Amino acid sequence: GDISAQLNDQKELEKICLQIKDDRKPSVIIWIGTCTTEIVKMDLEGIAPKLEKQIGIPIIVARANGLDYAFTQGEDTALAAMAHRCPEYKYCETNPNNQSEFTHIEIHATSSEKAHHRNELTRSDLVLFGSLSSSVASQLNLELRHQSIFVSGWLPSQRYDELPGLGEGVYVCGVNPFLSRTATTLMRRRKCKLIGAPFPIGPDG
C-alpha cells in the first residue's frame, strides 16, 4: 500500500512539474510541504531527487508545517531550504599590503551604542538575503556601492545557478523582517556571520 501510494504521488507531482516547466520555464522548483503532506505521509524529500533527474530542473523541498509557516512565513521557509543548496564558499587569500582590495563597512548596532562596529570585508564576502524585485535590488546595490559597500551575491538570486557561495568568512545581512529561520540556518548550518543591521535592512526592520 505504501509503495503504491508513493508511485501515485510521484506521478502526480511529475505531471505538475512538467506542466510548470512547459509554462514557466523556471530555473528551480520549490515544494512547500504543509500539514496535508504530513498527514498523508508524502515523502517529498525522497521523491524530489528522482524527479530532478527526470525533468532536469532542481527541486527544493521546504517544510512548512502549521499555519504560521505556510501562510505568513513562506519566504523564510523557502529561503532557509534554499540556503542548504548554495555552493560552498572558497576563500581566496588576499594581499594584506594592498589595502585597496578591502572595503570598510560601518554598522550601527543600536542607537544607544556610541561605538561603531567596523569590519574589513573583501568584495566577495557580503551576501544579502531576502526577496526583492529586480528594480529594488538594483537600487539597493547602487546605494550601497555609493557607500563603498560591495554586495557579492543575493539569496535568492535571479537564477538558481547564480546562488552565492556560503561558508566561513562570509557575512550575511537580511533585507526583510521576519527571516529568523533563514538567519539561523546561515549562521549555524553554513557558518556565516550575521550583520545585525537597523531599518530598513535586517530582521529588526
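Residues are numbered from 1 along each chain as its sequence is written. In this predicted model, local features need pLDDT of at least 70 and side-chain atom pairs count only at pLDDT 80 or more, while totals for chains, interfaces and linings use all residues.

**Overall build**

The protein chain contains seven helices and eight strands; helices (H or I, at least four residues) and strands (E, at least two) are DSSP runs, numbered from the N terminus. Of the contacts (heavy atoms within 4.5 Å) with a separation of 6 or more, 68% are between residues 24 or more positions apart.

| Property of the protein chain | Value |
|---|---|
| Residues | 205 residues |
| Share of buried residues | 37% |

Here, buried means under 20% relative accessible area, with a 1.4 Å probe and protein chains only.

**Second largest pocket**

This pocket has a volume of about 340 Å³. A pocket is an open set of points on a 1 Å grid over the protein atoms alone, where a 1.4 Å probe fits, with protein on both sides within 12 Å along at least five of seven lines; lining residues have an atom within 4 Å of a point. Its volume is the space filled by probe spheres set on the points, which are joined across faces, edges and corners. Among its 21 lining residues, Trp-154, Pro-156, Ser-157, Gln-158 and Arg-159 are the closest to the centre. Helix α6 (134–146) and strand β6 (153–155) each give two or more residues to the lining, and α6 supplies the largest share, four residues.

**Gln-10**

Gln-10 lies in helix α1 (residues 2–24). Gln-10 is buried, with a relative accessible area of 14%. Leaving aside residues up to four places away in sequence, Gln-10 touches Ile-47, Lys-50, Leu-51 and Gln-54.

Key:
Heavy atoms only, no water. Buried < 20%, exposed > 50% of the residue type's maximum accessible area, 1.4 Å probe, protein only.
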